[in-house]
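Have the viewer open while you read.

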Amino acid sequence: MISDEESLAGAAELFKALSAPSRLLILSALAHEPSSVSALTEATKLSQPLVSQHLRLLRGINLVTAARSGRETIYSLTDDHVANVIQDAIEHSQER
């Protein structure tokens, strides 16, 4: 099951990104529907600068994509894999 070093490093980077509860909250919100920064700020109760900072990191590791819609940028998950990983992790943590 062990893969090459590059794949393992990528997986470690993913888990590092998912290690922050604020990022998990943002990703969970995006799993429900694509959203703007202002909608994510409202949904998560996080500050706008913090949401923007997390989105920048999440875009940098290709977990989130952005598309312009008029004057707004709408963020969405790159694919459903991330939502599945988060859901599985939450379910696993509740099995204690």
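This is a predicted model: local features need pLDDT of at least 70, side-chain atom pairs count only at pLDDT 80 or more; totals for chains, interfaces and linings use all residues.

**Helix 3 and its packing**

Let's start with helix 3, which runs over residues 37-44. Val 37, Leu 40 and Thr 44 are its buried residues. Looking down the axis of helix 3, you'd see these buried residues fall within an arc of 60°, so they line one face of the helix.

What do the buried residues of helix 3 pack against? Their partners are helix 2 (21-32), helix 4 (48-60) and strand 2.

The helix 4 contact comes with some geometry: the axes of helix 3 and helix 4 are 9 Å apart, at an angle of about 115°. That makes the two helices roughly perpendicular, and the crossing is right-handed. On the helix 3 side, Val 37, Leu 40, Thr 41 and Thr 44 are involved, and they meet Gln 48, Val 51, Ser 52 and Leu 55 of helix 4.

**The hairpin**

Strand 1 (residues 64-69) pairs with strand 2 in the antiparallel sense, over 6 bridges. The two form a hairpin with 2 residues between them, and Ala 67 sits opposite Ile 74 of strand 2. That Ile 74 belongs to the uncovered face of strand 2, along with Glu 72 and Ser 76, while Thr 73, Tyr 75 and Leu 77 make up the covered face.

| Residue | Where | Phi |
|---|---|---|
| Lys 45 | just after helix 3 | about 65° |
| Gly 70 | in the turn of the hairpin | about 65° |

Note on methods. Residues are numbered from 1 along each chain as its sequence is written. Side-chain values use heavy atoms; hydrogens and water are left out. Buried means under 20% relative accessible area, exposed over 50%, partly exposed in between (1.4 Å probe, protein chains only). Helices (H or I, at least four residues) and strands (E, at least two) are DSSP runs, numbered from the N terminus. Two strands pair if DSSP finds at least two bridges between them. The arc is that of the directions from the helix axis to the C-beta atoms. Contact means heavy atoms within 4.5 Å. Axes are lines fitted to C-alpha atoms, for helices over the stretch in contact, and angles run from 0 to 180 degrees between N-to-C directions. Angles under 35 degrees count as roughly parallel, over 145 as roughly antiparallel, 65 to 115 as roughly perpendicular and the rest as oblique. A crossing is left-handed if the near helix is turned anticlockwise from the far one by less than a right angle, and right-handed if clockwise.
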